Amino acid sequence: LAPLTLYLTSVISLPALMWWAASVNQVPMQVAFFVAVGAWVRHLRTRSPGWLAVTLLAVGFGLLCYVKVLLLVPVLAYLAVAYFARGTLRERVVGTARAYWPAVATGGVLTVAYVVHYVSAVPQPFRPARENHVLEVADSMLGTILPTGLLGGPWHWYRTSPPIVLGSPPVWTVHLSWVLVVLVVLYSVLRRARAGRGWALLATYSLALFVLLATSRGQLYGRFAGLEYRYLTDVVCVLALTVGLVFLELQGAPDSSRPRPAPLLTVRLHPGVAPLAVALVAVGGLLSSASYVGYWHHDNAGRAYVKNLQAALAGSERVPALAAQTLPGDVMPDYTKPDNDSRRFTSLLQRRVSFPTTSDRLQVIDGAGNLVPASIRTGVRSRPGPQDGCGWKVRAEGRDIALTGRTFDWQWWLRIGYLSSSDSPVVVTAGDSRRATVVRKGLHSLYVRADGRFDTVSVSGLADGVTLCVDTIEVGDPVPPEGP
């Protein structure tokens with residue numbers, strides 16, 4: 001019951017239950033883990049082909065859902081070599097291979113076939129990074145949230161982009177957790193024979209998870225990636241197994257952990273200490289879990305934002321013409337760049353979206369996820385035009401329109417307010433950009449993206465006989481309009 005209690009109350013596994021993107025992979029993985037371990041131990045005891053088949057089916061099912069299920073294969077091999085064999089390491093490995101050769105053969109074929117398929121057919125999204133974040137990830141993952149999570153933590157969360165929050169245990173709890181972990185390990189090793197093998201399994205598995213993270217998302221997010229329990233959820237399965245292997249006898253295993261006939265530590269704890277310790281860890285885990293879940297239920301700004309944006313994109317009569325934006329920090333935090341760019345984000349919700357360089361109906365996404373007409377947060381603007389009632393009069397030969405100042409090197413948007421005598425092509429040149437588009441008869445606005453430094457805007461390319469009155473040019477960033 002103690003291992004089961006630790007598993008059920010630990011906050012480490014909660015991302016696999018609350019976060020849909022994690023659940024589709026990690027819930028099947030945890031199911032596969034426990035089914036495979038249970039069936040495998042029964043096969044090791046009985047050599048029954050039926051239990052071997054259940055083991056292979058569980059592993060195969062897990063691999064269909066998540067590549068990390070490959071880590072289950074060495075766990076099963078470790079159980080056989082460390083607990084169901086005797087002798088030197090070489091004798092254990094050779095003896096296990098001979099005694100359980102059907103399992104070695106079928107499991108080897110399954111594993112190799114999956115690895116070959118994965119390497120050859122699955123795109124790898126991560127490339128070597130310019131900066132090395134290995135030490136940062138090791139400190140945050142292995143040094144901070146793992147030991148506190150094992151003991152019921154982290155008790156406190158770092159609000160990055162709720163509901164996605166990161167483990168942020170107080171420093172003193174990290175130090176205390178390490179002291180308690182070391183004391184528990186030492187007590188078990190000094191009181192029980194072969195207890196170290198269980199802890200070795202937990203340590204090795206945790207190290208494998210660290211290597212996987214440090215060579216993937218850890219390259220992008222550094223320390224932040226190491227503080228995310230999403231990448232540790234399966235370690236709680238190994239924790240439950242480890243506690244059983246260390247403190248309980250594995251029936252049918254000749255090298256199971258057992259009390260030492262002559263303990264190296266004569267001090268024996270009161271029988272009530274273990275239930276009390278498990279209860280304290282469980283209570284800590286429940287408190288940490290309650291605060292974690294609270295962000296999903298009560299502080300999830302992204303939920304309404306995404307629903308509103310999805311409805312707005314789907315309900316638009318024409319293909320929305322949007323200006324690129326950085327999403328609000330409570331929807332996608334700044335450290336997720338470039339994934340917090342609206343061009344990437346909207347492509348996940350709706351393919352019918354354009355991000356043009358010119359538009360007569362430019363829109364932006366407001367703070368609630370709605371599409372609204374763009375307003376320009378003006379940095380510089382055009383000088384007053386010399387023509388009364390027209391401003392800057394432009395004909396076929398074109399005209400340069402002076403601005404009140406010079407821009408710095410940036411990606412700008414221009415709003416050109418104009419009155420045209422007729423529909424016509426037009427060319428707008430500013431900085432490093434030359435945009436060919438059209439103007440419509442009447443009073444309208446034209447939005448043009450321009451890159452670089454400039455203090456004038458050139459308007460040219462009008463059809464013969466067309467007169468364009470430019471009232472104003474605003475240069476700045478597109479933002480939602482102010483007020484209701």
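Which residues does leucine 56 touch, not counting residues up to four places away in sequence? Some notes, starting there.

1. Leucine 56 touches Thr106, Gly107 and Leu110, leaving aside residues up to four places away in sequence (contact means heavy atoms within 4.5 Å). Before going on: this is a predicted model, where local features need pLDDT of at least 70, side-chain atom pairs count only at pLDDT 80 or more, and totals for chains, interfaces and linings use all residues. Residues are numbered from 1 along each chain as its sequence is written, and side-chain values use heavy atoms, with hydrogens and water left out.

2. Leucine 56 sits in helix 4 (residues 49–65); helices (H or I, at least four residues) and strands (E, at least two) are DSSP runs numbered from the N terminus. Leucine 56 counts as partly exposed because its relative accessibility is 23% (buried is under 20% relative accessible area, exposed over 50%, partly exposed in between, with a 1.4 Å probe and protein chains only).

3. On to the largest nonpolar core, which has 74 residues. A nonpolar core here is a set of buried Ala, Val, Leu, Ile, Met, Phe, Trp, Tyr and Cys residues joined through side-chain atoms within 4.5 Å. Leu72 and Leu232 touch the most other members, and helix 13 (residues 235–247) gives the most to this core, with 10 residues. Apart from it lies another core of 25 residues, including Leu414 and Phe454.

4. Leucine 232 deserves a look of its own. Not counting residues up to four places away in sequence, leucine 232 touches Ile12, Met141, Ile145, Leu146 and Leu209.

5. Now helix 9 (residues 171–191). Its buried residues are Thr173, Val174, Ser177, Ser188 and Arg191. They lie on the same side of helix 9, because they cover an arc of only 145 degrees around the axis (the arc is that of the directions from the helix axis to the C-beta atoms). The face turned away from the buried side carries the exposed residues Val171, Trp172, His175 and Leu183. Helix 8 (134–150), helix 10 (196–214) and helix 13 are among the elements covering the buried residues of helix 9.

6. Helix 9 also gives the most to the lining of the second largest pocket, with 14 residues. That pocket is lined by 48 residues, and Leu180, Val184, Trp199, Phe247 and Ala277 lie nearest its centre. For the terms: on a 1 Å grid over the protein atoms alone, a pocket is an open set of points where a 1.4 Å probe fits, with protein on both sides within 12 Å along at least five of seven lines, and lining residues have an atom within 4 Å of a point.
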